[in-house]
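Please read the points below beside the structure. They take up a few local features, one topic at a time.

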Amino acid sequence: MKKLNLVLVGNGMAGVRTLEELLKLAPDLYDITVFGAEPHGNYNRILLSPVLAGEMTLPEIMLNDLAWYREHGITLHAGRTVTKIDRVRRRVIAEAADGSVTEAGYDRLLLATGSTPFIPPIPGNELPGVLGYRDIADTEAMIEAAARYRHAVVIGAGLLGLEAANGLMLRGMDVSVVHLGEWIMERQLDRAAADMLQSSLEAKGMKFLLARHTEALLPARGEGVETPARVGAVRFKDGMEIPADLVVVAAGIRPNYALAEAAGLYCGSGRVRGIHVSDTLQTVTDPRIYAVGECVAHRGVAYGLVAPLFEQGKVCANHLANFGIGQYRGSVTSTKLKVTGIDVFSAGEFAGGPGTEEIVLHDKQGGVYKRVVLRDDRIVGSVLYGDTADGSWYFQLMKDGQDIHAIRDQLMFGHSFGSTQLGDTGHKGENRAASMPDSAEVCGCNGVCKGTIVKAIKEKGLFTLDEVKQHTKAASSCGSCTGLVEQILASTVGGAYQAVSAHDKAVCACTELSHGQVRRAIREHKLLTIADATAFMEWKTPDGCATCRPALNYYLVSTWPHEAKDDPQSRFINERAHANIQKDGTFSVVPRMLGGITTPDELRRIADVAEKYRIPTVKVTGGQRIDLLGVRREDLPKVWKDLGMASGHAYGKSIRTVKTCVGAEHCRFGTQRSMAMGVDLEKMLFGMWSPHKVKLAVSGCPRNCAEAGIKDIGVIGVDSGWELYVAGNGGIKTEVAQFLCKVATPEEVMEYSAAFLQLYREEGFYLERTVHYVHRVGLEHVKKRVVEDAENRRALHQRLLYAVQDYADPWAARAADDAEAALKTPFETLHA
Amino acid sequence: MTLDTPLDTPRAAATEGEWKAICALTDIPRLGARVVASRHGDIAIFRTAADEVFAIHDKCPHKGGPLSQGIVHGREVTCPLHGWKLALDSGEALAPDVGCSKPFAVKLVAGQVLLRS
């Protein structure tokens, strides 16, 4: 099939990002031609501020060099400005500075013409030395001016203006910032935060002239004046004049839509101007023509930050690749100021409004200001100054629409507060990303330090958590440092960082669909095999990958028990071999001991097996069982047979242990028979696969010797019955279980526990622990279905019993006939 | 289904040795692997969904993980220890990781897996 022609107008971040996404989805669909007015490859415009400030160099901010275009067979016409789109003949016409003309025909056209700085019609704005701040040329002109002149005036105290002023100041200029508003960054900050920011910038030497109306820019006078005369001063309406050898106008941007408008594409009228696009990023006028980036008006909004542009690019690429999934519905944006040593963050409706309430923490002396705006127990905006470490956390809560009622009293103390209170492990220093030294270890599993991550982000142009995981391995093992890595990413790339909500995140690179969407499709369309599921959902890879296959397998068997067939090849080796793989490739075997109880006979058999198979380590586990470590793969079936005990599932995303204390059976304080309760629960749950491992504990009295407070389900016997706790965790991140309800009888303990676990099995995402599941859906949701709705509780209980009924012990099944069958199992080694 | 698919990579072809029958294709699960003990150490023989067979040294270049125990997808395997991905035909780690697990010549003749070692 002949390839289609795709032409991109605008070689900037939004357009090229769209191409990158497109090449990932459909690398061979198009012959691609790119026109760019600037004579460079694609660079990271957001990092122009650090370049101006002398903290980075131009080569460091290149995203795609010319080799990248060559590698992907893309024709790049750099330094050529497209002057006309001929929609009838479907051609674009470009001109170079020397007047030469280039033409290209298109089947699909992508416009990403960006924006230009808005220069207000002030007399004198045409003088040499008056600049907007947009591209490499502007940056170079500013650097050059800083080397020769002394006085700089920046008009506009928005994000860009302050970054420009900071850069010029660091390059030795005397900088005054002129602003029309009452306070600086008024579109991002409230007055209190703005005042604090202004004071610290003044302390660095920046001068401010607020509520000033610029009347004219005046040419330089007197001796040594160049011809034509360069700008020399700024005059205000009140008559005041200040010297200015360089004037940077940062009074906002205007979408570049002249080309599109001339081609007859609708670009709005009145207030919102820009190339009007639909939710598929197609122009409303011509479906062959797409547009992304700052030139676009989508649902009446034109974005000037990079994160929304990347979101647009992703959706646009999906449609260009003919996948047709995904709609762009607008973005919620956040802002960070890239001025070294000053931390400012703002997002959403920071100023509040009707129906909102706010929580403010203001430590003037300590230089910390935090303001979180709430509506109906949900965050709708926030402003942080001085300590912005929790910015991305608030932002995520805001985007997810998370109900914060339960954490309201500690919201202002930040994400790490709750966990540090609990003796957090492996998390120390989270949210301190910016102040960490480069040598500090971030990922304890893979030994990755901050410097390595920052270097990879800058050198390889990484923007997403997944990219950082892939390139550095940080956050790719246990995940406890994910928050910290995100912080580092956010503080390194600034506004370009787009945290992906866990709800919408694609399962893996094999699909665009999220866990929730995949689960729904399997349920609604009764998909029963992995092949059916991947075919139906148009997976991009033939057999998926090691991330999605185990998830799909779980969703199939949990949604359609006894109907969907379990696929061993889509399970991780631990579940396939029914033993835990260890670092040297040997396995560990943990026999089940219901409720942590064993017998002399079992102990004798375990001892015999350990001797017979020369098992080097015998260890008591944290879950009251015995672990035989260092078993050779070939010996597994024989070990199981000789043990004659059931599998402890110590390896599975399944029920692990039910830990118990000795309870009323022996203990003088015991109020309830915890051992019997533990055994009954463990028997009921045998063979239960779940999104992640599940652990329970039963204590016979509130002394809680079984440590039920940090288990997925904790049961605590009291004189009048049993208290039930859910969603605790003693692992990567210690979390105390939350009180679910109190019941009177052992039968109720069983029913409520089963119902909670079944709800988790049906709604949890693969690899999501109960704590994260409950955090996502809210404890109220769980209570409504498990505690308040008796009928639903019984139905959940029944569904769990149905799912585990007739479950055969995997060890017994595999050890039954080892003489013949085991030879054919994957446990046996072949010989060459 | 083709039953005779020689897969001599240039690298493997250079090694000395003769073809030796190992097992039937059906002794290896689809999207799975078996371990063959040889004078070169353990070799993992993989079977893809399309019934192609590949053989590479059963040791991940990263930390020696047994690749035979990993999850097979397409013509790749993911190491069970730390998730490195390797190409089954060349034994090369997939970018951004760098490293290689030695490939061995393997072919299918009349449903039998032959390995040259």
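1. Strand 26 (residues 368-375) of chain A is mostly covered, seven of its eight residues being buried. Buried here means under 20% relative accessible area, with exposed over 50% and partly exposed in between (1.4 Å probe, protein chains only). The model is a predicted one, in which local features need pLDDT of at least 70 and side-chain atom pairs count only at pLDDT 80 or more, while totals for chains, interfaces and linings use all residues. Residues are numbered from 1 along each chain as its sequence is written, chains are lettered from A and ligands numbered from 1 in the order in which they are written, and side-chain values use heavy atoms, with hydrogens and water left out.

2. Strand 26 of chain A pairs with strand 25 (residues 357-363) of chain A in the antiparallel sense, over seven bridges. Strands and helices are DSSP runs numbered from the N terminus (strands E, at least two residues; helices H or I, at least four), and two strands pair if DSSP finds at least two bridges between them. A:D363 has A:V368 of strand 26 of chain A as its bridge partner. The hairpin of these strands has four residues between them, and A:G367 there takes a positive phi near 70°.

3. Seven bridges also join strand 26 of chain A to strand 27 (residues 378-385) of chain A, again antiparallel. A:R371 stands opposite A:V383 of strand 27 of chain A. This hairpin has two residues between its strands, and A:D376 in the turn has a positive phi of about 50°.

4. An open sheet of three strands in chain A has the order 6-7-8, with antiparallel pairing. Strand 6 (80-86) and strand 8 (101-105) of chain A are the edge strands, each pairing on one side only. The twist averages 25° from one strand to the next. Strand 6 of chain A is joined to strand 7 (residues 91-96) of chain A by six bridges, and A:I85 has A:V92 of strand 7 as its bridge partner.

5. Strand 8 (residues 103-109) and strand 9 (residues 112-116) of chain B run antiparallel and are joined by five bridges; B:V106 stands opposite B:L115 of strand 9 of chain B.

6. How do helix 11 (residues 450-460) and helix 13 (residues 482-493) of chain A pack? Their axes are 10 Å apart, at an angle of about 45°, which makes helix 11 of chain A oblique to helix 13 of chain A. Axes are lines fitted to C-alpha atoms, for helices over the stretch in contact, and angles run from 0 to 180 degrees between N-to-C directions. Angles under 35 degrees count as roughly parallel, over 145 as roughly antiparallel, 65 to 115 as roughly perpendicular and the rest as oblique. Residues in the contact (heavy atoms within 4.5 Å) include A:I453 and A:I457 of helix 11 of chain A and A:I488 and A:L489 of helix 13 of chain A.

7. A:N729 lies in the loop between strand 37 (721-726) and strand 38 (738-743) of chain A. A:N729 is buried, at a relative accessible area of 7%. Leaving aside neighbours within four places in sequence, A:N729 is in contact with A:I710, A:K711, A:T734, A:E735, A:R769 and A:V771.
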